[in-house]
Amino acid sequence: MDTPLDPASTSAYEDVRTAPCRALATEAVHAGREDLARQGLHAPPIDLSTTYPSYDSRAEAARIDAFAADGAELDGPPVYGRLGNPTVARFETALARLEGTESAVAFASGMAALSAVLLVRSALGLRHVVAVRPLYGCSDHLLTAGLLGSEVTWTDPAGIADALRPDTGLVMVETPANPTLAEVDLRAVAHACGSVPLLADNTFATPVLQRPAEQGARLVLHSATKYLGGHGDVMAGVVACDEELAGRLRQVRFATGGVLHPLAGYLLLRGLSTLPVRVRAASATAAQLAARLAADPRVARVHYPRIGGAMVAFEVHGDPHAVIGAVRLITPAVSLGSVDTLIQHPASISHRIVDAEDRRGAGVSDRLLRMSVGLEDVDDLWSDLDRALGRGRTETPDVKGLHEALN
Ligand SMILES: *Cc1c(COP(=O)(O)O)cnc(C)c1O
């Protein structure tokens with residue numbers, strides 16, 4: 001196990017197995033790149049191939065048979081782009097390292113990743129899902145509408161054990177949850193799940209703040225569109241899990257086609273290298289803004305998780321739409337996890353697709369605003385918020401106000 005690195009070795013995988021356990025910040029910049037120096041490279045190459053030549057079709061047949069049997073990553077070139085991609089594989093290796101799982105499987109979006117998980121389970125006849133609200137609006141919708149043939153039972157964490165049925169294939173939670181930042185005790189929930197796999201959506205916390213696999217989650221889902229990419233310019237999803245489930249997920253990805261583009265894989269790998277720095281810096285700012293909001297009489301309630309993080313949610317006494325209309329430095333937009341600060345009104349945008357009664361029942365008030373704090377200066381962000389809150393009772397900014405804001 002503790003063989004020193006052999007600089008003459010040609011196997012990148014050998015390095016991964018023999019490398020000593022390293023800190024998250026170190027993994028973030030090195031994982032998935034172990035073979036580069038040996039190849040004489042510094043930045044990872046982007047492989048845009050959709051197909052891979054081979055003069056030995058008997059060998060290709062054997063490799064395809066092997067993939068059909070267990071979904072293990074192909075040894076050598078991937079045959080065809082839907083079976084795998086070396087650039088995407090670098091990102092998968094790195095994310096698995098950060099989450100502390102055997103494997104990770106990347107998809108075209110967070111929703112494609114969740115769909116693949118549901119398909120893997122329902123293919124075994126395990127169509128029933130137990131889930132805790134709130135979840136991201138579209139995840140809630142996918143389960144509630146039964147679009148993939150699944151059936152959902154909504155419960156609170158204490159009700160999970162009683163909600164399990166013989167055909168339950170999955171328990172799903174988000175912590176901190178989108179958009180209220182409600183937290184779930186993953187260890188307790190994992191215990192309640194028994195042998196049913198627990199999926200934890202770790203999009204908000206990222207492996208920098210929380211590693212759900214260490215607390216018993218068998219599947220860790222990310223909308224990589226958010227913090228992992230980190231710059232608002234790549235859409236992706238990923239599931240970190242054990243190799244057995246990863247094999248099934250690769251088979252579903254191959255058969256249904258929700259693959260991640262290699263350019264996106266490159267951007268995600270690059271994003272991971274600054275993930276710990278970005279998340280820690282933005283979280284420190286978010287904690288300060290949460291404290292200022294909590295002390296502000298214009299704000300009725302602030303939601304900021306114990307675990308910390310760069311997301312803040314708050315309920316205003318005034319009109320939340322007016323706050324959205326009045327921000328000038330902060331961008332009024334859905335999504336999160338970028339370098340710049342975004343704010344949105346969940347009842348109108350991210351959770352609009354959830355039935356109003358279910359939404360309110362999950363604690364998503366019509367006065368709730370969700371803010372994803374970026375890397376700007378905390379005082380600049382506060383002045384923008386302060387000014388926007390001051391207008392909480394006017395409808396839209398007037399022209400004079402707009403001039404003031406721009407100057
Ligand atoms: C955005 C989001 C998703 C969906 O991911 P996409 O990449 O938009 O498909 C899932 N879960 C959470 C918590 C999210 O914020």
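I began with the shell around the ligand, which by class has five nonpolar, six polar and three charged residues. I keep in mind throughout that this is a predicted model.

I then looked up which residues come nearest: of the 14 residues around the ligand, these are Met111, Asp201, Ser223, Thr225 and Lys226.

I found one at 2.9 Å from a polar backbone atom of glycine 110, and for methionine 111 I noted a backbone N or O atom 2.9 Å from an oxygen atom of the ligand. With lysine 226 the side chain takes part, an N or O atom there being 2.8 Å from a ligand oxygen. I also noted that the protein covers 94% of the 380 Å² of accessible area that the ligand has on its own.

Next I turned to helix 10, residues 243–256, and checked its length: at 1.5 Å a residue its 14 residues should span 20 Å, and the end C-alpha atoms are 20 Å apart, which agrees.

At the N-terminal end of helix 10 I found a cap from aspartate 242, with a side-chain oxygen 3.2 Å from the backbone nitrogen of glutamate 244. After the helix I came to glycine 257, whose phi is positive, near 90 degrees.

Finally I listed the buried residues of helix 10, among them Leu245, Ala246, Leu249, Arg250 and Val252. What covers the buried residues of this helix includes helix 5 (110–122) and strand 6 (219–223), and I recorded helix 3 (57–70) and helix 4 (86–99) as part of that cover too.

Notes
Residues are numbered from 1 along each chain as its sequence is written. This is a predicted model: local features need pLDDT of at least 70, side-chain atom pairs count only at pLDDT 80 or more; totals for chains, interfaces and linings use all residues. Side-chain values use heavy atoms; hydrogens and water are left out. A residue is near a molecule or strand if one of its heavy atoms lies within 4 Å of it. A polar contact is a pair of N or O atoms within 3.5 Å; within protein, one must be able to donate a hydrogen and the other to accept it, and residues adjacent in sequence count only if both atoms are side-chain atoms. Accessible areas come from the Shrake-Rupley method with a 1.4 Å probe; for residues, only the protein chains shown count as cover. Ala, Val, Leu, Ile, Met, Phe, Trp, Tyr, Cys and Pro count as nonpolar, Asp, Glu, Lys and Arg as charged, and the others, Gly among them, as polar. Helices (H or I, at least four residues) and strands (E, at least two) are DSSP runs, numbered from the N terminus. The expected span of a helix is 1.5 Å times one less than its number of residues. Buried means under 20% relative accessible area, exposed over 50%, partly exposed in between (1.4 Å probe, protein chains only). Contact means heavy atoms within 4.5 Å.
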